[in-house]
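Look through the sequence and the model shown here before reading on.

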Amino acid sequence: MKNYITRLSITLAIICFLGVNLSAQNAVDPNREKAIDSLALEKVKDLGKYISIIGNKDTPFSEATRVMDRAEELFAPGSEMGVSSLASEEIEYYKVREYFKRLMALNYDKVTIEWYDVQYISDLERQPDGKYVGVVTVYQKFEGKSGDLLKYKDTTKKDITIYVEKKSTQIAGRTVEFWDVILGDIRVSETSV
């Protein structure tokens, strides 16, 4: 019985050590965290550029489709984007691809979309599954014209969920681990003139 208790204690100590060790391996190095923050903000800025290109009525259909594919790659599967209007208090949510298609089909002669003031509003927090989650906020200025006449304009504040997770890839037969940033749902938190 004494041997059994000793072996059980040793086994538990090893499990605890491995658990702590694995936990430390999956933690983001503070020096690496700045690079991850920069990558996340860069991806959000890229998305803003893609949305501007997709919404622009001068963009050829084939180019808009290519840009939609690139933009969709930024998101986690199943992500949704919020759409608001000054005419309604309701905010509607669409899957990313559907949002892009609706954006292309807007009934204006000219659409101008500009993203600005992109910044983190929450630090990355570790989740039980090992991923990190944070929120980036951005302001979007939208203008739709028919001819030279301004038909609609608004400014929306959007909160973008950011996921950071460790991935691995094979390079020259070696497994290399890296942290990747993926965008999640985009929620509208404010709509104004």
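A residue counts as buried when its relative accessible area is under 20%, as exposed when it is over 50%, and as partly exposed in between. The model is a predicted one.

**Confidence and overall make-up**

The mean pLDDT of the protein is 86, and 87% of its residues reach 70 or more. Over residues 10-25, however, the pLDDT is below 50, and beyond near neighbours in sequence this stretch has two contacts in the model. Where pLDDT is low, the predicted coordinates should not be read in detail.

The protein has four helices and six strands. Their order along the sequence is α-α-α-β-β-α-β-β-β-β. Among the contacts with a separation of 6 or more, 60% are between residues 24 or more positions apart.

**Strands and hairpins**

How do strands β3 and β4 run relative to each other, parallel or antiparallel? Strand β3 (residues 110-126) and strand β4 (residues 132-146) run antiparallel and are joined by 12 bridges. One point of reference is Y116, whose bridge partner in β4 is Y139. The two strands form a hairpin with five residues between them, and G130 in the turn has a positive phi of about 95°.

Strand β4 also pairs with strand β5 (residues 149-171), again in the antiparallel sense, over 15 bridges. Here V138 stands opposite K158 in β5. The hairpin of β4 and β5 has two residues between the strands, and G147 takes a positive phi near 65° in it.

In a regular strand the side chains alternate between the two faces of the sheet.

**The nonpolar core**

Which residues have the most contacts inside the largest nonpolar core? They are L47, I51, F100 and I162, in a core of 37 residues. The elements that give two or more residues to this core are α2 (30-55), α3 (61-72), α4, β3, β4, β5 and β6 (174-192). Helix α2 supplies the largest share, seven residues.

I162 shows how parts of the chain come together. Leaving aside neighbours within four places in sequence, I162 is in contact with A40, V44, Y120, Y132, V133, G134, V136, V181, I182 and L183.

F100 belongs to helix α4 (residues 96-104), where V96, Y99, F100 and L103 are buried. These four cover an arc of only 100° around the axis, which puts them on the same side of α4. An α-helix has 3.6 residues a turn, so residues three or four places apart point the same way.

**Charged pairs**

The count of salt bridges in the protein comes to nine.

| Pair | N to O distance |
|---|---|
| R66 and E63 | 2.9 Å |
| D69 and R97 | 2.7 Å |
| E177 and K166 | 3.7 Å |

R66 and E63 both lie in helix α3, three residues apart, which is about one turn of the helix. R66 has a relative accessibility of 43% and therefore counts as partly exposed. E63, at 28%, also counts as partly exposed.

The salt bridge between D69 and R97 links distant parts of the chain, as D69 is in helix α3 and R97 in helix α4, 28 residues apart. D69 counts as partly exposed because its relative accessibility is 36%. R97, at 22%, counts as partly exposed as well.

E177 has a relative accessibility of 54%, so E177 counts as exposed. K166, at 28%, counts as partly exposed.

Besides these pairs, K43, K167 and D180 are linked in a network of salt bridges.

How values were computed
Residues numbered from 1 in each chain as written. Predicted model: local features only at pLDDT ≥ 70, side-chain atom pairs only at ≥ 80, totals over all residues. Heavy atoms only, no water. Buried < 20%, exposed > 50% of the residue type's maximum accessible area, 1.4 Å probe, protein only. Arc of directions from axis to C-beta. Pairing = 2+ DSSP bridges. Core = buried A, V, L, I, M, F, W, Y, C linked by side-chain atoms within 4.5 Å. Contact = heavy atoms within 4.5 Å. Salt bridge = Lys/Arg side-chain N within 4 Å of Asp/Glu carboxyl O. pLDDT = per-residue confidence, 0-100.
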